Amino acid sequence: MYSIGEKMLLERYLKVSENKLPAKFLISKSIKVDNFAKKDIDELWEMHKNAMDEFKETTNIKDIKITHPNLLDLKIEIAKKIFENCHFCEHKCYVNRKKELGFCKIGESYYSSEFLHYGEEDVLIPSHTIFFCGCNFKCVFCQNWEISQIYFENLPVENYCKKVNRKLMAKIIEEKRAISKNVNFVGGEPTPHLLTILEILRHVNVNIPVVWNSNMYMSEEAMHLLDGVVDLWLSDFKFGNDRCAERLSKIKNYCKVVKRNHLMIKGEDIIIRHLVMPNHLECCTERIFKWIGKHLDAKVNVMFQYRPEYKAILYEDIDRALNHEEMAKALLLAKKYGLDTDI
Ligand code: SF4
């Protein structure tokens with residue numbers, strides 16, 4: 001079921017979920033690093049590179065011995081420095097988020113809800129999903145805009161969301177692991193919350209796969225921090241060209257960034273979601289499918305649940321649901337480019 005030719009897809013993720021392999025963040029916790037107090041950012045990255053060279057897949061969970069300071073501690077230290085000069089995503093605002101806000105307007109991390117989600121792909125459910133507030137995209141058609149666009153709409157976040165308590169969230173993750181197959185970090189968008197998420201994982205001491213449920217607009221630095229932490233990439237590939245990305249999500253250089261980030265994780269466990277939009281079959285759906293078919297082995301979820309939400313009424317091309325012809329065409333395109341949509 002989870003194979004393309006001879007290659008098994010999602011094999012490692014499934015084994016972590018079944019507790020047969022350790023999650024990557026636990027392996028990172030078992031890699032000792034030297035004391036990094038007083039090191040500057042270049043020295044920290046050099047240490048990170050050396051520690052990642054040591055990162056190897058451990059087959060036995062019993063071989064995991066947590067040590068300090070460890071690779072995850074080092075990632076947190078680097079993330080703290082990035083937070084003060086923020087370039088977690090390709091907006092690269094370079095603001096100190098302790099004092100000022102960047103494009104996403106996210107300071108402290110808030111979340112709107114966390115629960116066992118049964119509406120995700122079969123291989124994920126029940127998925128312990130944590131919905132962080134805010135986003136670095138301004139999608140005019142956002143299906144989840146009350147959470148994702150809360151800062152752009154200047155809504156009082158304290159009235160709708162709860163501030164994240166790292167230790168408490170870790171405890172909740174541990175408790176829900178009795179039932180959950182994974183912990184699923186989403187939003188809005190998890191990228192602006194990368195420091196918070198790494199700090200939560202520092203307090204998690206159960207084996208659980210980490211799912212990164214994202215628009216994939218991370219900076220290369222964020223991608224390096226996520227390497228050795230994420231077990232399953234759940235990516236949202238929206239646009240096949242920059243013009244649509246800029247018009248509908250107010251994002252520049254979309255294709256270059258999102259393709260680069262997918263290539264950086266080539267060979268890892270990936271599920272790509274593509275929400276098919278009306279009148280965007282040629283400019284977006286086909287181009288995305290063609291690129292995936294050429295470059296990646298990944299599960300692809302072709303999603304048809306688009307409905308005109310938020311500001312979509314102002315954009316004539318997307319101000320309606322899909323019709324049957326568009327759905328059929330999207331499936332034919334997936335087949336044409338050899339995608340594995342069995343998910
Ligand atoms: S997360 Fe992205 S949008 Fe937000 S401040 Fe950092 S670089 Fe800017």
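Guide: Two strands pair if DSSP finds at least two bridges between them; the strands (E, at least two residues) and helices (H or I, at least four) are DSSP runs, numbered from the N terminus. This is a predicted model, where local features need pLDDT of at least 70, side-chain atom pairs count only at pLDDT 80 or more, and totals for chains, interfaces and linings use all residues.

Visitor: What makes strand E4 and E6 a pair?

Guide: Strand E4 (residues 127-132) and E6 share five bridges, running in the parallel sense. The rule asks for at least two, so they count as paired.

Visitor: Why is E6 described as largely enclosed?

Guide: Buried means under 20% relative accessible area (over 50% is exposed, in between is partly exposed, using a 1.4 Å probe and protein chains only). Five of the five residues of strand E6 (residues 182-186) are buried, so the rest of the structure largely encloses this strand. In a regular strand, side chains alternate between the two faces of the sheet. For E6, Asn182, Asn184 and Val186 are on one side, Val183 and Phe185 are on the other, and all are buried.

Visitor: How about E10: what makes it largely enclosed?

Guide: Five of the five residues of E10 are buried, so the rest of the structure largely encloses that strand. Lys299, Asn301 and Met303 point one way, with Val300 and Val302 pointing the other way. On its paired side, E10 runs parallel to strand E9 (residues 270-275), joined by five bridges; Arg273 has Asn301 as its bridge partner.

Visitor: Which elements make a right-handed β-α-β unit with E6?

Guide: Helix H8 (residues 194-202) and E7 do. Right-handed means that, with the strands pointing away from the viewer, the path from the first strand over the helix to the second runs clockwise. E9, helix H12 (residues 281-295) and E10 make a right-handed unit as well. H8 is mostly covered, with eight of its nine residues buried, among them Leu194, Glu199 and Leu201.

Visitor: Which residues surround the ligand?

Guide: Cys86, Cys89, His91, Lys92, Cys93, Arg97, Gly102, Phe103, Cys104 and Pro192 do; a residue counts as near if one of its heavy atoms lies within 4 Å. They divide into six nonpolar, two polar and two charged.

Visitor: Last one: how do you know whether Ile82 is buried or exposed?

Guide: Ile82, in helix H4 (residues 71-83), has a relative accessible area of 1%. That falls under the cut-off, so Ile82 is buried. Its C-alpha atom is separated by 32 Å from that of Ile61, 21 residues apart along the chain.

Notes
Residues numbered from 1 in each chain as written. Heavy atoms only, no water. Nonpolar A, V, L, I, M, F, W, Y, C, P; charged D, E, K, R; others polar.
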